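I opened this notebook to keep track of what I looked up in one structure. The entries follow the order in which I went through it.

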Amino acid sequence: MSDERHDLSELTHPPHHRAEIVFAVTSFLIAVILAALWSSETSWASGQPWSRQPGLWPLIAIVGMLVFGAGELIACLVRNARAGGGNVLVELGIWAKAGEYVVWFLIYVMAVPYIGYLPASVLFATLLAFRLGYRGLPLLLAPLIALGIVVVFKAGLSVRIPGGAVYDLLPQGLRNFLVVYL
């Protein structure tokens, strides 16, 4: 057992990151844009009480975004003034690396209609495992895990996902099985 003393200071006073100001400004600007568009994107039904209006919950959400976004923006400005911090561009570069997985996902989504849900899932699980540096047994398990996920979604949960265009090249019986179950 460790003699280190743990308290909640890591949660109540997290380390300062200078680039969090970019997030605060961006989220607050999005809230301002949503507030500006609210009246043109929602409606009020005549004869309905205010609690049953279709625009009520979007209004509550946008007001919350504005209030909490302004609070975060002010807090970030105060923290940046007090603590300074590191290079904003370096930290934004780290954030941008997460965009790689958005690209992987978009390619996967675009591949499913052509090669099918099962082949796309197996292929992309294996490629991502390889990209993340897995070798040996973990890399061999990636397609099996993808197969398990497909079986759970298609056969277990009966999620309907159209078959890939490549399925049309298969014999009718096999094609129907793959479309229905895999």
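**Entry: Glu 100 and its partner.** I looked up Glu 100 and found it partly exposed, at a relative accessible area of 24%. The model is predicted, so I kept to local features with pLDDT of at least 70. The side chain of Glu 100 meets that of Arg 131 in a salt bridge, 2.7 Å from N to O. Glu 100 sits in helix H5 (residues 99-115) and Arg 131 in helix H6 (residues 117-131), so this pair links distant parts of the chain, 31 residues apart. Arg 131 is also partly exposed, with 42% relative accessibility. I checked that label against the cut-offs: buried is under 20% and exposed is over 50%, so both 24% and 42% fall in between.

**Entry: the other salt bridges.** How many salt bridges does the structure hold? I noted four. Arg 79 takes part in a salt bridge with Glu 20, where the closest N and O atoms are 2.7 Å apart. Arg 79 belongs to helix H3 (residues 56-83) and Glu 20 to helix H2 (residues 20-41), so the bridge ties together parts that are 59 residues apart in sequence. Arg 79 forms a salt bridge with Glu 72 as well, and there the closest N and O atoms are 3.4 Å apart. I therefore wrote down Glu 20, Glu 72 and Arg 79 as linked in a network of salt bridges.

Next I asked of Glu 20: buried or exposed? Glu 20 is buried, since its relative accessible area of 16% is under the 20% limit. Arg 79 counts as partly exposed at 31% relative accessibility, and Glu 72 counts as partly exposed at 29%.

**Entry: confidence.** I looked up the pLDDT values next. The protein chain has an average pLDDT of 87, and 90% of the residues score at least 70. Which element has the lowest mean pLDDT? Where pLDDT is low, the predicted coordinates should not be read in detail. I took no details from H1.

**Entry: the largest pocket.** I noted about 360 Å³ of space in the largest pocket. Its lining is made by 16 residues. Which of them lie nearest its centre? These are Ser 121, Phe 124, Ala 125, Leu 128 and Ala 146. I then looked up the elements behind the lining: H5, H6 and H7 each supply at least two residues.

**Entry: a nonpolar patch.** I found a nonpolar surface patch of about 1,100 Å². Among the residues that make it are Leu 137, Leu 140, Leu 141, Leu 144, Ile 145, Val 152, Phe 153 and Val 159. I picked out Val 152, which is found in helix H7 (residues 137-156). Val 152 is partly exposed, with a relative accessible area of 46%.

Entry: Which residue here has a positive phi although it is not a glycine? I recorded Ser 158, with a phi of about 55°. Most residues other than glycine have a negative phi. Ser 158 is placed in the loop between H7 and helix H8 (172-181), and it is exposed, with a relative accessible area of 54%.

Pro 162 lies in the loop between H7 and H8 too. At 63% relative accessibility, I listed Pro 162 as exposed.

- Val 112 and Pro 162 are 50 residues apart along the chain, and 8.6 Å separates their C-alpha atoms. Val 112 is found in helix H5 and counts as buried at 11% relative accessibility.
- Pro 162 and Glu 20 are 142 residues apart in sequence, with 41 Å between their C-alpha atoms.
- Gly 136 and Val 179 are 43 residues apart in sequence and 31 Å apart in space, C-alpha to C-alpha. I placed Gly 136 in the loop between H6 and H7, and Gly 136 counts as partly exposed at 43% relative accessibility.

Notes
Residues numbered from 1 in each chain as written. Predicted model: local features only at pLDDT ≥ 70, side-chain atom pairs only at ≥ 80, totals over all residues. Heavy atoms only, no water. Helix = DSSP H or I, 4+ residues; strand = E, 2+ residues; numbered from the N terminus. Buried < 20%, exposed > 50% of the residue type's maximum accessible area, 1.4 Å probe, protein only. Patch = residues over 30% accessible without salt bridge, like charges linked within 9 Å, V, L, I, M, F, W, Y side chains within 5 Å. Areas by Shrake-Rupley, 256 points an atom, 1.4 Å probe, with all protein chains shown as cover. pLDDT = per-residue confidence, 0-100. 1 Å grid on protein atoms, 1.4 Å probe; cavity = no way out; pocket = protein on both sides within 12 Å on 5 of 7 lines; lining within 4 Å. Points joined across faces, edges and corners; volume = space filled by probe spheres on them.
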